[in-house]
Amino acid sequence: MTKTPAPTAGHTSDAPFIAESAEVADAAHVGARTRIWHHAQVDGDVRIGEDCVLGKGVHVASAAVIGNRVKIQDGCGVFGATIEDGAMLAPGVYLLEDPAPRAINPAGHLKGRDDWRREPVTIRSGATIGANAVIAPGVTIGQYAMVAVGTVVGHDVPDHGLVMGNPARQLGWACRCGHRLDDNLICPVCGWRYRQGSNGLFLTA
Amino acid sequence: MSTHALGQQTVAQQALAEISGWPTNTITASTRLSELGLDSLDRLTLAVLLEERTGRPLPDDELISVRTLDDLERLLRPAERSA
């Protein structure tokens, strides 16, 4: 049912796990203990860190770089994005990178592999992108930001920003634990306090 | 504030009552949106409702600082004057 790549000597238990039906290019870098599940596809120029999980049917392409402890759930499309440590993509999220998508060039010929401009998305550490959200090319999602289900994000989201809707609107702030902060920027669940900084919120001592 | 004194419902007060389910007369100028149990989705609904009814866009950076009905009224006041 599944296969495990040849382990590095002395690090048998650290070998990544790749389901048999997944297609991981030989040139792709997959970090220790990362699990890649059924029918996922990882292209050759992709780098994936340690302890990540790629769910069923995930496609990671176009030189995407994924950090450690990243969770990408079923059916996501990651095109060229940088995803920092501890970020999460819920099922069906798409991170896009072509700001002017066309099948053909102005002369009418089918566009080729290098026939377009890359403007990839950046997902900062700890951020969560809700199910079926779409992130437009060039957008940066701040640290520990929370993007609600089905949101279409066309502009940068600040650290800890909570956004939802189409187009996305910021309706509040999210704690590291994932809950919405109250009016005083205090988490009602874990009690952590935040302050406004130059790019969103930061945790106070 | 003056509309409250006259016992009339403001656009914001009415919208808050519709979304929260609280009676309009229990929502005063100092009532906090969080007291009404509004979550983030409710706040989005509120923003869209007020924009539709006033015809004035409510910028996210201003909306996010709204805590009370009074804050909301202040945000909407220029639109009410120009209407």
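Predicted model: local features only at pLDDT ≥ 70, side-chain atom pairs only at ≥ 80, totals over all residues.

User: Great. Which residues touch the most other members in the largest nonpolar core?
Analyst: Those are A:Ile72, A:Ile83, A:Leu95 and A:Ile141, in a core of 39 residues.

User: Let's pick A:Ile141. What does it touch?
Analyst: Leaving out residues up to four places away in sequence, A:Ile141 touches A:Thr122, A:Ile123, A:Arg124, A:Ala127, A:Ile129, A:Ile135, A:Val147, A:Val153 and A:Val157.
Analyst: There is also a second, separate core, with 24 residues. Among them are A:Leu171 from chain A and B:Leu49, B:Leu72 and B:Leu75 from chain B.

User: Okay, new topic. How many residues does each chain give to the contact?
Analyst: Chain B gives 14 residues and chain A gives 12. Together the two chains bury about 1,200 Å², with 50% of that on carbon and sulfur atoms.

User: How many salt bridges are there between chain B and chain A?
Analyst: The count is three. One salt bridge joins the side chains of B:Arg32 and A:Asp183, at 3.3 Å from N to O. Seven residue pairs are also in polar contact across the interface.

User: And on chain B, which element gives the largest share of the side that touches chain A?
Analyst: That's H3(B), with six residues. Helix H3 (40–54) and helix H4 (60–63) are the elements of chain B that give two or more residues to that side.

User: What classes of residue are on that side of chain B?
Analyst: Seven are nonpolar, two are polar and five are charged.

Note on methods:
Residues numbered from 1 in each chain as written. Chains lettered and ligands numbered in written order. Heavy atoms only, no water. Core = buried A, V, L, I, M, F, W, Y, C linked by side-chain atoms within 4.5 Å. Buried < 20%, exposed > 50% of the residue type's maximum accessible area, 1.4 Å probe, protein only. Contact = heavy atoms within 4.5 Å. Buried area = accessible area lost by both parts, 1.4 Å probe. Salt bridge = Lys/Arg side-chain N within 4 Å of Asp/Glu carboxyl O. Polar contact = N/O pair within 3.5 Å; in protein donor to acceptor, adjacent residues only side chain to side chain. Helix = DSSP H or I, 4+ residues; strand = E, 2+ residues; numbered from the N terminus. Nonpolar A, V, L, I, M, F, W, Y, C, P; charged D, E, K, R; others polar.
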